[in-house]
Amino acid sequence: MRLFVADVLLAVGVTPRTLMKAQGLDPAPLALLKANFNPAQPRWAAGSGRDSGRWSGGDANVTPVAFRHRGHGRGRGFDWIRHFLELFGERRKEPAPEEKPREPEVAKPETERIGPPSAEQRVSTPKPADFVGEDFGKLGVGVEKPDLEIGEFSKHAIDRVGEYGASLTDLQDTVANPLMVLRQSDGRFFYLSEKAVVLLDPRGRVITIYTSHNLIPK
Amino acid sequence: MSNKDRIRDILLNDWDPLVINGYGPADEYDRYIPGIVQLLADRCTAEQLEQHLARIEKEQMLVPKISLGISKAAKNLIASWSIG
């Protein structure tokens, strides 16, 4: 996923965990990184009679980039999330790890084996289905893409289109291929794409639009 | 803070019929400020301001129901104008 797309999604309140699931990534590392856990750290195998399961040497000594500055996950604004996604981007480029020596045996974590994605894995773009049921407060709740097309524009929306110089194609594309759709309390739909936000009423009338760059992280 | 800034704050924080406060552009309702300033300068009542905002919602924005913040916004607009 391009980082600015992640920025946009994070700005509207998508959690890193949701973002990772939408990318087909296992979100378990979020908890592991916070716990300073390194699954590749050799451990004594279970049932070995010794300190089975414990790390065979020292501690994990892992300080992820995302958490190296003042407190875990409490960096300035969304910077720490950006660092974390960059870290994962680097991991996706790494080759598959070589076989480790058998002694001490590397214990597999209890969750799915965490490692770089396979060569076949592609970077996927989030889609509305990834956010169904997610509650973004007054902005709305994630829903599947409704069967709506842009019909007419409100006067307010027409003025906004003129101010932003937005193209009809971009707006139509936002409605046809959104990253996310939220249903608001009054029945309106909030469509988000890389280029724009389009607010539609249930009849497909455009209430307002603005560019994704105008989204303000809270 | 200028009159315009105070009015903009009230429109965003108290009125906000399009639910954009905190997420969208801060100038979303700026186009309606001149009309509101004119009403305030003419010493309108809070009820008249409410009707004005309701008309904007219905005719300009196609909002189906009057937004919940209209009354509070109208009162605060009157109060902010009185401050000067």
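Start in chain A and select residues 141-142 and 180-183. These are strands β1 and β2 of chain A, and they pair in the antiparallel sense over two bridges. Two strands count as paired if DSSP finds at least two bridges between them. Strands are DSSP runs of E, at least two residues long; helices are runs of H or I, at least four residues long; both are numbered from the N terminus. Now pick Val141(A): its bridge partner in β2(A) is Arg183(A).

This is a predicted model; local features need pLDDT of at least 70, side-chain atom pairs count only at pLDDT 80 or more, and totals for chains, interfaces and linings use all residues. Residues are numbered from 1 along each chain as its sequence is written, while chains are lettered from A and ligands numbered from 1 in the order in which they are written.

Met180(A) has Leu192(A) as its bridge partner in β3(A). The two strands form a hairpin, with five residues between them. Stop at Gly187(A) in the turn: its phi is positive, about 90°.

Next, show both chains. Here 19 residues of chain A are in contact with 12 residues of chain B. Contact means that the C-beta atoms, placed from the backbone, lie within 7 Å.

Move to chain B and select 3-15 and 33-41. The axes of these helices, α1 and α2, come within 11 Å and cross at roughly 110°. Axes are lines fitted to C-alpha atoms, for helices over the stretch in contact, and angles run from 0 to 180 degrees between N-to-C directions. α1(B) and α2(B) are therefore roughly perpendicular, a label for angles of 65 to 115 degrees. On α1(B), highlight Asn3(B), Lys4(B), Ile7(B) and Arg8(B); on α2(B), Ile33(B), Ile36(B) and Val37(B). These residues make the contact.

Finish with Leu62(B), in the loop between α3 (46-60) and α4 (70-83) of chain B. Its phi is near 60°, a positive value in a residue other than glycine. Is Leu62(B) buried or exposed? Leu62(B) is buried, because 20 C-beta neighbours lie inside 10 Å. The cut-off for buried is 20 or more other C-beta atoms within 10 Å, with C-beta atoms placed from the backbone; 12 or fewer means exposed, and partly exposed lies in between.

Terms used. Two residues are in contact if their C-beta atoms, placed from the backbone, lie within 7 Å. Angles under 35 degrees count as roughly parallel, over 145 as roughly antiparallel, 65 to 115 as roughly perpendicular and the rest as oblique.
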